[in-house]
Amino acid sequence: RNFIEINKNFKKHHVRMENSGENHQDYVVLPVEGVAGGGTGYGWNDGSLDCSNPLRGIIDPSKIPSADLVHVWSMPSTANIGQQEMPRPLEHITLLVARNERESAQIAIRPKVSWGGPGIAGVVQVQCTDLCSTSGDRLVIGKSLTLRRVVPILGVPDALVPLDPVTQINLLPGETSALWISVDVPIGQPPGQYEGEIFVTAIKTDTESSTQPFSKGEKHQIYKDIRNCLEVVEPIYGAPLEEVAERVNSATSSLRKILLSSTFIECSAENGQGDLMDEDTLTNLSVRLKLNVTVWEFSLPMTPSLPAVFGISETVIEDRYGVEHGSDGWYDALDQHFKWFLQYRISPFFCRWGDGMRVLAYSCPWTAEHPKADEYYSDPRLAAYAVPFAPVITGTDATTDSLRKEVETLKTKSHWKKAYFYLWDEPLNLEQYNSIRNMSNVIRNYAPDARVLTTYYSGPSDAPLAPNNFEAFVKVPKFLRPHTQIYCTSEWVLGNREDLVKDIVAEIQPENGEEWWTYVCMGPSDPHPNWHLGMRGTQHRAVMWRVWKEGGTGFLYWGSNCYEKATVASAEIRFRRGLPPGDGVLFYPGEVFSTNQLVASVRLERILSGLQDIEYLKLYASRYGREEGLSLLEKTGVYLGPERYTLDHTPVDLMRGEIFCACRS
C-alpha cells in the first residue's frame, strides 16, 4: 500500500507541475546548471516557488510563523543541493527501509528574508523527534535517526558534518543550506510503520545565550577547540617557514569557526537580548516536516554479498595526526578508521605504497597471533581482508618469517576463506608482472589455497600477449595463472562496450577458484559511473548497478583518504594534483570541521546505497533468477548501461518497491 501511495503522490506532483492552468504563476522552469566533472545542476529541475515576501523592517521570529521567514523542502539522497538551489513545494519524507539498512533523505532550507545580525540572514533551530510505531516501537533520535549538515567542498555539496538532535544553523542571505537525515534500522527492529516529525524554527540570534548559561558539553567543546588551536601553534618555534604558515592558517581557521558558531552569534548582533520562546510557541511557529518510515520484514545480510575492499593510506594518517608508526596512538587511529568504515558495508585495508606501484596492503595492523586480529577478521561485517606480505611494523621479523607465521596462523581459522593478498597495483611491464609471480610463489609455498588479487588495465607493454591492446589485456589471466586468483580489471578499459565483458569472463576459471572483480580509478570519466566530485548523485550510485549488471563478484577502490600531505589534523583539505577532484577521497578528518568524528562524504553515502541495492537485486534474483533481476534493473529505468542510467531518483524507489512487493512473502 505504501508503495502504491508513493506512485500516486509522485503522479499527483507531476500533474500539478505540468498543469499550466493551476497556480502557473508560482512555478518556473529552472535551467540545468553543470558542475565540475560534467554533473547536473544541483538537484531536480522540475520547478520552483515564487520567492517574493512582503515582510519589511525589524522582524521578530518569536511572533511570526517560520514558514513566512524560510523555505523548507525535502529532496532525495541522490540530489546535489547547491547553495543556489531554488525552493520547491514542501513534501513530507517517506522512506522504505529493510532491517540492517540505512536510508537517507535531505532537507533544504533557504531564507526568505533577513532577521539576524550582520552577515547572516538568521538562525534556525532544527529538532527531530523519535520515530514511533502504533505498537510502541521506536527508532531513537541520535542512534537510529541522525542529522548531518551538508558542507560544500570546492563549491560542491559533499562533506556531512554531524549535528546534535537539537541544533542551530546560521543561514546566509540568498543561499540554500542542506541537511542530511539518515535512518539506520537495527537488524532486530520490529517491522511496521514509524512516524516522527522534524521542526524547523526561526529564532532570535541571541535566544540561547541570553537566557541560559553554557551547558557542560558546550564548555567542553569550546575548551577542546581552543586547546587544539594551542597545540597547533605551540610547536612552531624553530620549525620551517612553510610549516609555520600552515599551522598559523589552521589555527586561524579554527578560531574563526569558534567565533562564527551560534554560541557567540549574539556578540555581533545589533539588537538587544530577547526572550526565549517556550516550547508551545516553538511548536506552533515551526515548519513541521513529517517523516514516515516503513520498516520491511526482511533484513539485509550482516556480511555483504559483494566484497568491496577500499584502501586507507596509513602514511596520510601518520602525517596528518602526528602519530608515529607503531605507537599506541597509531594503533588507536587505525582502529578508529577500520571500525568506522564497516558501517558502510565496506571491507577496509590499510596501504603503504612502494616503488613501481608495489603496495603493502593489510586489514589488521596487529599480527595474526594477537587477540585483536581475530576480533577484526571474525567481524561478520567484514567480507574480505588483506593479509600483509611483509611485516607491518618494520624492524621485526624478516619478510619470509613474518609471512610464514601469518599464513600458518590464519589458515587454521574459519575466516581464512575471506583472506587475500594485494601485492602490486596496475603492473605495466614484464618486470612488474614477474614480481607478482615471484611473491605469489612464496605465498603458495605456505598456503597453496591462498588468493592473490591483481589490479590491471593492460598486459605487459614490453612483452605483448596479443596483436592489439585489448586482446593483450584479455590474455592477462592466462599469463598470470596460477599466481593470481582474483583478476581485478579497470572499468575504464570497457568504455561503453558492455559486450566486451564476455571476452574477459571467458578467460576466468571459476571452477578453479578464480574470480573477476572490477575497480574505478581516475577513469572512467563523465558520463560513466564514478565517484568524482560534481557528478550526479545517481552517477555515484550507478557504480554498483554496473557491477551487478556486468557480473563482477567483488570491487576494489584504491584510496579513501588520499588528500595532499598535511602535518596538522585541522589543515585545509586539498585534493592531489593530477587527479580528478574527489578521486581517492571519500571521507574527511573531523578536525577540519571542529569535530572529533570522521566526516563522511555524500559520495560515500551513495556508495553504501549502491551496495544495499545489490542486496535487493540479489534477493530478487534468488527468487526469480538472475535474468529476471537484470530485466527489473532495465525495465524500471534504473540502469541500462554506463551511459544510460536514471538521472532521477524515482526509478530507484520503483525498483526497490517492486522487489519488496515481489519478495515480501
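Tutor: Start with a pair of charged side chains. Lys372 and Glu375 meet in a salt bridge, 3.4 Å from N to O. A salt bridge here is a side-chain nitrogen of Lys or Arg within 4 Å of a carboxyl oxygen of Asp or Glu. The model is predicted, so local features need pLDDT of at least 70 and side-chain atom pairs pLDDT 80 or more, while totals for chains, interfaces and linings use all residues. Residues are numbered from 1 along each chain as its sequence is written, and side-chain values use heavy atoms, without hydrogens and water.

Why can these two reach each other? They sit three residues apart in helix α8 (residues 371-378), so about one helical turn separates them. Helices (H or I, at least four residues) and strands (E, at least two) are DSSP runs, numbered from the N terminus. Lys372 is buried, at 17% relative accessible area. Glu375 is partly exposed, at 42%. Buried means under 20% relative accessible area, exposed over 50%, and partly exposed in between (1.4 Å probe, protein chains only).

Now go to helix α15 (residues 537-550). Arg546 and Glu550 form a salt bridge there, 2.7 Å from N to O. They are four residues apart, again about one helical turn. Both Arg546 and Glu550 are buried. Lys549 is buried, at 17%; Glu634 is partly exposed, at 34%.

The salt bridges number 32. Some are linked: Glu101, Glu103, Arg541, Asp613 and Arg656 make up a network. Side chains of opposite charge can pair when their charged atoms come close.

Next, the sheet. Seven strands form an open sheet in the order β1-β3-β10-β7-β8-β23-β22, with antiparallel pairing. Two strands pair if DSSP finds at least two bridges between them. β1 (70-76) and β22 (587-588) are the edge strands, since each pairs on one side only.

Look at β8 (residues 156-163) inside this sheet. Six of its eight residues are buried, so the rest of the structure largely encloses it. Seven bridges join it to β7 (residues 145-153), running antiparallel. Arg148 stands opposite Pro162. The two strands make a hairpin with two residues between them, and Leu154 in the turn has a positive phi of about 55°. β8 also pairs with β23 (residues 599-601), antiparallel, over two bridges. There, Leu160 stands opposite Ala600.

α16 lies across β3 (101-111), β7, β8, β10 (177-185), β22 and β23, at about 140° to β3. Axes are lines fitted to C-alpha atoms, for helices over the stretch in contact, with angles from 0 to 180 degrees between N-to-C directions.

The largest nonpolar core has 100 residues; Phe310, Phe341, Trp416, Phe421, Trp531, Phe555 and Leu604 touch the most other members. Helix α16 (residues 602-624) gives its largest share, nine residues. A nonpolar core is a set of buried Ala, Val, Leu, Ile, Met, Phe, Trp, Tyr and Cys residues joined through side-chain atoms within 4.5 Å. Another core, apart from this one, has 37 residues, including Leu69, Leu95, Leu171 and Val185.

Terms used:
Contact = heavy atoms within 4.5 Å.
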